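Hi,

Here is the structure I promised to pass on to you. Have a look at it first, and then read my notes below.

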Amino acid sequence: MRYTESAVRIVDELQRYHRQILLPDIGESGQRRLLQSHALIVGGGALGTMIADALARAGVGTLSIVDRDTVELTNLQRQVLYDEDDVAQMIPKAEAAKNKLARINSQVVVHGHVDDFSARNAERYVEGVDVILDGLDNFETRYLLNDVAVKHGLPYVYGGAVGTTGMSFLVLPHPQCRAETGRSLVRWSAAQSTPCLRCVFPEAPPPGASPTCDTAGVLGAAVAIIAAHQCAQAIKLLTGNLDKVDRSLLSIDVWLNQQRTLDISGARDSDDCPCCVRGDWAYLQGRAGGAVTTLCGRDAVQITPGPDGSQPKRLDLAAMAAKLSPHGSFTQNAYLMHGRFSNERSANGEPVELTLFPDGRAIIKGTDDLGTARSIYAKYIGA
Ligand SMILES: [Zn+2]
């Protein structure tokens, strides 16, 4: 419905946020700030959809969502913006999210980018953004996100969930290393800055060492708590309530009823962080992280884990084969593990094949698309 009378339109615009405006720290001015804000959500999985749903309802005026995958049946257990029609029509997640959000709040502008977030496009996606929210499933892309956030002086809300556990904390990059003039409407002083992701987690876990949602499972309720914490942080930042943000690391296990808040304020002082102390954005410049290359003529992609940090421990191939057994048929010998996925198909409908070596190198056969291969690696092997 469109009103011609602008005064009526303004009242109408804010009416839907009435219960949020009642909160003393938000009020009408806070709500107007939210409506002028732009949040970038990287990853349109469980975290990303819960975050996008909450921020669209809260009236964050512009949302950008980057995700390269299409909606699958196994996503529906927790990825709140998708439905069975999206699965049947194989709609890309970024597109499906955009369509659903438009029906939830037509005041909000949503940009859905069907793309693989990478060093090639990261700086383009943060242009004009006020806050970045992490909906990712792998550490390598998170380090890239951390690099671009620190370089551009943008608040970055880290979140991760797997199994029944989750973690979240806020990165307010230190101005020392900011190469670009931060254009975020969120302003903070050097004293209010926080350690970055690499201060807190200097190195990614070695390939295969950490569980992924596709191998260990994930409870939607665990994701929901983390997504809610990320959204609360973003809303506090965007409404100018910097004194209210949580500066510690939240760690939860909803199954074991454990909740911890860890003081991470000293993480930067004690560490010569390559990212936020030395300003060496190795992930953004493509010098760190794994190499992903197409094997020409073989319809296959090779993924080599990054040289960053210590050499990965040698993978236990038998344990990997057992871990992947629900997803296909996998066997190993002393040199490699090999098998076919039952649920990953190539363009011509053949099962995608995986060959995995003890150093974490993988050959994924059945695709020549680097993003598809990276996504399969992140889902089943994890890094
Ligand atoms: Zn740092």
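Predicted model: local features only at pLDDT ≥ 70, side-chain atom pairs only at ≥ 80, totals over all residues.

Is Glu-350 buried or exposed? Glu-350 counts as exposed because it has 12 C-beta neighbours inside 10 Å, and a residue is called exposed at 12 or fewer. If we leave aside the neighbours within four places in sequence, Glu-350 is in contact with Arg-345 and Gly-366.

Now for the whole chain. The protein chain has 13 helices and 14 strands. Its C-alpha trace spans about 70 × 50 × 45 Å along the principal axes. The radius of gyration is 21 Å, which agrees with a compact globule, because a globule of 383 residues would have a value near 21 Å. Of the 383 residues, 48% are buried. Among contacts with a separation of 6 or more, 65% join residues 24 or more positions apart.

The chain is divided into two parts: domain 1 (36-262) and domain 2 (291-380). Their C-alpha centres lie 26 Å apart. Where they touch, domain 1 gives 15 residues to the contact and domain 2 gives 17. On the domain 1 side, the touching residues are 4 nonpolar, 4 polar and 7 charged.

The largest nonpolar core has 84 residues. Those with the most contacts inside this core are Ala-52, Leu-55, Leu-63, Val-131, Ile-132 and Ala-234. Helix H11 (residues 220-238) supplies the largest share of the core, 10 residues. Another core, of 21 residues, lies apart from it, and includes Met-337, Phe-341, Tyr-380 and Ile-381. Which residues does Leu-63 touch, leaving aside its neighbours within four places in sequence? They are Ala-39, Ile-41, Ala-52, Leu-55, Ala-56, Leu-101, Val-108 and Val-110.

Leu-101 from that list brings us to helix H6, where it is one of the buried residues, along with Lys-93, Ala-94, Ala-96, Ala-97 and Lys-98. Helix H6 (residues 93-104) has 12 residues and reaches 16 Å from its first C-alpha to its last, close to the 16 Å expected. What do the buried residues of H6 pack against? Their partners are helix H4 (46-58), strand S2 (62-67), helix H5 (84-88) and strand S3 (109-114).

Enjoy exploring it!

Best wishes

Key: Residues numbered from 1 in each chain as written. Domains from an automatic or database assignment. Contact = placed C-beta atoms within 7 Å. Nonpolar A, V, L, I, M, F, W, Y, C, P; charged D, E, K, R; others polar. Helix = DSSP H or I, 4+ residues; strand = E, 2+ residues; numbered from the N terminus. Expected span 1.5 Å × (residues − 1). Buried ≥ 20, exposed ≤ 12 C-beta atoms within 10 Å, placed from the backbone. Core = buried A, V, L, I, M, F, W, Y, C linked by C-beta atoms within 7 Å. Rg over C-alpha atoms; globule rule 2.2 N^0.38 Å.
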